[in-house]
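Subject: Structure handover

Hello,

Here is the structure I promised to pass on. Please open it alongside this email, then read on for what turned up.

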Amino acid sequence: MRFRRLAAIAVLVGTVGATTAAALPPAPIDRLQPLPDLTARALAARYTASAHQISQVTSAAKRAGDTSLVRALNGLRGQHFLDFNPSGQGLAVEVVGDLATATRVAILVPGSDTSLATFGSRGTASPEGGAAALAAQARELDPGTHLAAIAWLGYATPATFSPGVLTSGDARQGARALRWFAGELTRDGRQVALLCHSYGSVVCGLAAPHLPVADIAAFGSPGMDASSARSLHSPARVWACRGTEDLIGNVPHVQILGLGFGQDPTAPAFGARTFSCGDANHSGYLRQGSVSLRNLAYIALGDPAGVTR
């Protein structure tokens, strides 16, 4: 009965969230590229190279008649991509803001059914739109901020309508990539915040142990594959919220034979700093003007006093 309930709730959540089946065919996905030097000159060179690659792949997709891939790539032109890979569901790592001068970096880690096809196609429910909204909100709260927001699709996410969304298998691959990426960003003294949505919070939970990040925020989380904030073994401030309209609250917080992700991060027993996300639904946490966006921006800025608990 409990197994059937887990599967049924996964389907229910998939119908209400901003989750869209990937338009790109499944295939093995390569690792992220090494980061360039985080200087204005080196970053500009990487952004130019990525834009050229995106343009080449778009042209090839047009010649092949792959209209789904063309639609996905058309929205990526001219942006600041640290990484891009069109294989399979695709990889994409986009920077909003000046990473060369940033003293704080917020990495948005997305959940299931995120691919190149959905990276920028769902407004603020997409990694690209969410990062842009977060950066804009942070500038409004602190006009002098040196914050860069990164939309990070660094792993092959599971499909909502699949057994994979009930296990941590894909999250483990994502956690390895995220640990490396976040660790590289902290080397020069930058403070990093991980903002982890839905299944992305499982990725963050697995990446967290001893990772030198300043903040980890889980929102719309099915669990972090951890029994408590303390069991993450992280030096970070651990935050959690769930909007009142988010049906992921109906997911049973259990772990049985590899299914499920354990304790609800918003439960008092978990021990996270809970904060208000208002009436956000599963796709609405980064919507402009929302309580959740404002609080996530304060967390990204490293200003816990501004967060409404």
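**Overall picture**

The protein has seven helices and eight strands. Please keep in mind that this is a predicted model. Of the 309 residues in the protein, 56% are buried. Look also at the contacts with a separation of 6 or more: residues 24 or more positions apart account for 70% of them.

**Disulfides**

How many disulfides does a search of the whole structure find? The search finds two.

Start with Cys-196 and Cys-204. These cysteines form a disulfide, with their sulfur atoms 2.1 Å apart. The angle about the S-S bond is -95°, and the link is left-handed. Cys-196 has 0% relative accessibility, so it counts as buried. Cys-204 also has a relative accessibility of 0% and therefore counts as buried.

Now the other pair. Cys-241 is joined to Cys-277 by a disulfide, S to S 1.7 Å. This pair links distant parts of the chain, 36 residues apart. Cys-241 lies in strand S7 (residues 237–241). Cys-277 sits in the loop between strand S8 (273–274) and helix H7 (291–301). The link of Cys-241 and Cys-277 is left-handed, with -65° about the S-S bond. Are these cysteines buried or exposed? Both Cys-241 and Cys-277 are buried.

With the bonded cysteines numbered in sequence order, the pairing reads 1-2, 3-4.

**H5 against H6**

Two packed helices are described by the angle between their axes and the distance between the axes. Helix H5 (residues 169–186) packs with helix H6 (residues 200–207) at an angle of about 60°, and their axes are 8 Å apart. That angle makes H5 oblique to H6. Their crossing is right-handed.

Which residues make the contact? On H5 they are Ala-171, Arg-172, Gly-174, Ala-175, Leu-178 and Arg-179. On H6 they are Val-202, Val-203, Cys-204, Leu-206 and Ala-207. By type, the residues of the contact of H5 with H6 are eight nonpolar, one polar and two charged. Note Cys-204 here: this contact residue of H6 is also the disulfide partner of Cys-196.

Ser-198 is in the loop between strand S5 (191–197) and H6. Is Ser-198 buried or exposed? Its relative accessible area is 8%, so Ser-198 is buried; the cut-off for buried is under 20%. What is Ser-198 in contact with, leaving aside its neighbours within four places in sequence? Its contacts are Gly-111, Phe-219, Gly-220, Ser-221, Pro-222, Ile-248 and His-282.

**H7 and its surroundings**

Nine of the eleven residues of H7 are buried, so H7 is largely enclosed by the rest of the structure. The buried residues are Ser-292, Leu-293, Asn-295, Leu-296, Ala-297, Tyr-298, Ile-299, Ala-300 and Leu-301. What do the buried residues of H7 pack against? They pack against strand S3 (104–109), H4, strand S4 (147–153), S5, strand S6 (215–219) and S7. One of these, S7, also holds Cys-241.

The packing with helix H4 (residues 127–141) has its own geometry. H4 and H7 pack at an angle of about 75°, with their axes 9 Å apart. The two helices are therefore roughly perpendicular to each other.

From H4, the contact residues are Ala-133, Leu-134, Gln-137, Ala-138 and Leu-141. They meet Leu-293, Arg-294, Leu-296, Ala-297, Tyr-298, Ala-300 and Leu-301 in H7. The residues of the contact of H4 with H7 divide into ten nonpolar, one polar and one charged.

Gly-302 follows H7, and its phi is positive, near 75°.

**A site in H2**

Ala-45 is in helix H2 (residues 40–64). With a relative accessible area of 46%, Ala-45 is partly exposed. How far apart are the C-alpha atoms of Ala-45 and Leu-82? They are separated by 9.8 Å, and the two residues are 37 residues apart along the chain.

Best wishes

Terms used: Residues numbered from 1 in each chain as written. Predicted model: local features only at pLDDT ≥ 70, side-chain atom pairs only at ≥ 80, totals over all residues. Heavy atoms only, no water. Axes fitted to C-alpha atoms, helices over the stretch in contact; angles between N-to-C directions. Helix = DSSP H or I, 4+ residues; strand = E, 2+ residues; numbered from the N terminus. Parallel < 35°, antiparallel > 145°, perpendicular 65-115°, else oblique. Left-handed = near helix turned anticlockwise from the far one by under 90°. Contact = heavy atoms within 4.5 Å. Nonpolar A, V, L, I, M, F, W, Y, C, P; charged D, E, K, R; others polar. Disulfide = S-S within 2.5 Å. Buried < 20%, exposed > 50% of the residue type's maximum accessible area, 1.4 Å probe, protein only.
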